[in-house]
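The following note sets out points for a colleague who is about to examine the model. Please read it alongside the sequence and the coordinates.

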Amino acid sequence: MSEAALLTARGLGVRLAGRVVLKDVSLALSPGHLVALVGPNGAGKTTLLRALAGLIPSEGEITVGGDALASLPLRERAKRFGYLPQGHLVHWPLPARDIVALGRYPHGATDPARLSPKDAEAVLRAMQAVDVMEFSDRRVTELSGGERSRVALARALAVEAPIILADEPTASLDPRHQIDVMKNLRATADKGVLVIVVTHDLGLAARFADHVLVLKEGNLVSWGTPSEGLSERVMADVFRISAYRAEYQREAVIVPWADI
Amino acid sequence: MSVEAVTLTNEEAARRRIGATAVLAALVVLLMLISLGIGPVRLSPLAVAEALFGGGSEVSQVIVREIRLPRTLLALAIGAILGLSGASLQGLLRNPLASPSLFGAPQSAAFGAVLVIALGLADVRSYALPVAAIVAAFVSVFVLLAIAGRNAGLLILILSGLAISSFAGAATALVMNLSSNPFLVLEIAFWLLGSLEDRSFQHVMLAFPFIIAGALMLFSQRHAFRALSLGEETAQSLGVDVGRLRLFVISGVALGVGGAVAVTGTIGFIGLVAPHLMRPLIGHDPGRLLVPSALTGSALLLAADIAVRIIPSTSDIKVGVLTSIIGVPFFLYLIMRERRALGGGVA
């Protein structure tokens, strides 16, 4: 991570209801990378993602593209992060296209019925990138889990933000759709976007990520390329497991194997 | 597919929405003309229109412009603010069973007004009345949303609403119980039934500023409701200030409902019903439902107020009684339809 950092945090800490959930996390992440954020349940992964996006109050200092996050107004922050929460919840049966169009909200396109040509193009690009054009008019509540997760991803992509934050985008998807989502995120990173993905799937993290960040009990305990960040020692200390490690088609393979 | 394909389908849906809204607006105008024509002296819609714009006999001008117009204007505005409040609360809470009357807002507003009257602080034509009603409505909605928290399920909302409306009802009953003046008790009771009878332009002036302010506050948040379809956290990540939005909705509903209750008493269930009637026509987008729901609310209250004047009965039926008699079975029907979601909340 030697290039100019796009997103930095220094001494980042979060307390929720008096409990320390995240302490003294410092990091510097550059554009064009896919970063996997891993750790056991309750390690503070989602909290870190929320804090980085400025969705919850935190101690310490966060900068985005050189600007202090705290100094940015809400609308300006919204343009810099495409935030994809867990669960892909949609409360009303709206057509998929309208959901994706909400990604343009930070840019002032608050009404999906009246998109400027520029916003309509962005919506179209996002929908084509994850191949959801065919159910553009269908209600999201009627889509399958895999289809809905792609619509949610298209919504986050439509922001066309320099940073994408995705919280367990592959959870509850079948293997084919998991790979599909990770490929889309990989392609997004390759276009120069910083993509941070929370995941429990160490295999997907090892294969698709440029870097992994490992959290344990609110501390950032390991980082680096997948084979460095997820070393045998880290697997034992943090996850309390051993893993089968190999290389297949020149990519790292890590398969969690036994508890220790 | 091209960019045109994306915008084209949107335009088609927009045409349907605009068509439905125009038909609704025409219906509201028609109901207003009928409302102005009904009473001891029946006037045809044509005669009403003539009298409104200074034509026809002097008698019909007085009847239409001075006696019936305030009543009709109040039905129009109060129906609209109730429909708008219901649609806004449903948008804010992402819940099709949210509405001012189920949350106890009108009942609380009525308590505020009754208290002011019973304490002798104001007569029924002073601005103290709507102010007290608005404050009480604000407190009730605020407390409800505070209890419900950020991601309240259906069950918590309905139960808290039940508790608050029961409490407001009990408090009102206590005031009547302790009141030593039987005439005052009678006046309060009749007024609580909810009626538009014998209202003057003084009442219009009393209620309109608050109703208009509340409506503007709610309408200004229409796009935020749309973003909120994705949940509070995602809406916030899209640049919506969720805390401010909540305060706007609570204030808007309190101003509108408080202002309305102060001059007509409690008129329930229009806020619940109106958005439901519109969803099949307009779609589920909570931002687009606001104006059609307001128009539907107007049409419903105008129609109910016409009905109470036509239905033959020995004593006058109060319009608030009629809306509840029709609204409660509708509420039961909605509960049946949402049974799965409610059952899931219990388990």
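How many residues of chain B are in contact with chain A, and how many residues of chain A do they touch?

1. Basis of the note. This is a predicted model, in which local features need pLDDT of at least 70 and side-chain atom pairs count only at pLDDT 80 or more, while totals for chains, interfaces and linings use all residues. Residues are numbered from 1 along each chain as its sequence is written, and chains are lettered from A and ligands numbered from 1 in the order in which they are written.

2. The interface. In answer to the opening question, 24 residues of chain B are in contact with 31 residues of chain A; contact requires C-beta atoms, placed from the backbone, to lie within 7 Å. On the chain B side, two or more residues come from each of α1 (3-37), α9 (222-227) and α10 (232-237). Of these, α1(B) gives the most, with 6 residues. Helices (H or I, at least four residues) and strands (E, at least two) are DSSP runs, numbered from the N terminus.

3. Overall form of chain B. Chain B contains 15 helices and 0 strands. Its radius of gyration, taken over C-alpha atoms, is 21 Å, close to the 20 Å that the globule rule gives for 347 residues, so chain B is as compact as a globular protein of that length; the rule is 2.2 Å times the number of residues to the power 0.38. The C-alpha trace spans about 65 × 50 × 35 Å along its principal axes. Among contacts in chain B between residues at least 6 apart in sequence, 79% join residues at least 24 apart.

4. Burial in chain B. Helix α4(B) is mostly covered, with 12 of its 14 residues buried, including F111(B), V114(B) and I117(B). The cover includes α5 (128-148), α6 (154-178), α7 (182-192) and α11 (242-264) of chain B.

5. Geometry of α4(B). G120(B), which follows the helix, has a positive phi near 70 degrees.

6. Strands β1 (residues 7-16) and β2 (residues 19-29) of chain A pair in the antiparallel sense over 7 bridges; pairing requires at least two DSSP bridges. T8(A) stands opposite A28(A). The two strands form a hairpin with 2 residues between them, and A17(A) in the turn has a positive phi of about 50 degrees.

7. The sheet of chain A. An open sheet of 6 strands runs in the order β6-β7-β8-β3-β9-β10, with mixed pairing. β6 (81-84) and β10 (219-224) of chain A stand at the edges, each with a single partner strand, so one side of each is left without a neighbour in the sheet. β9(A) (residues 211-216) and β10(A) pair in the antiparallel sense over 5 bridges, where W223(A) is the bridge partner of L213(A).

Conventions: Buried ≥ 20, exposed ≤ 12 C-beta atoms within 10 Å, placed from the backbone. Contact = placed C-beta atoms within 7 Å.
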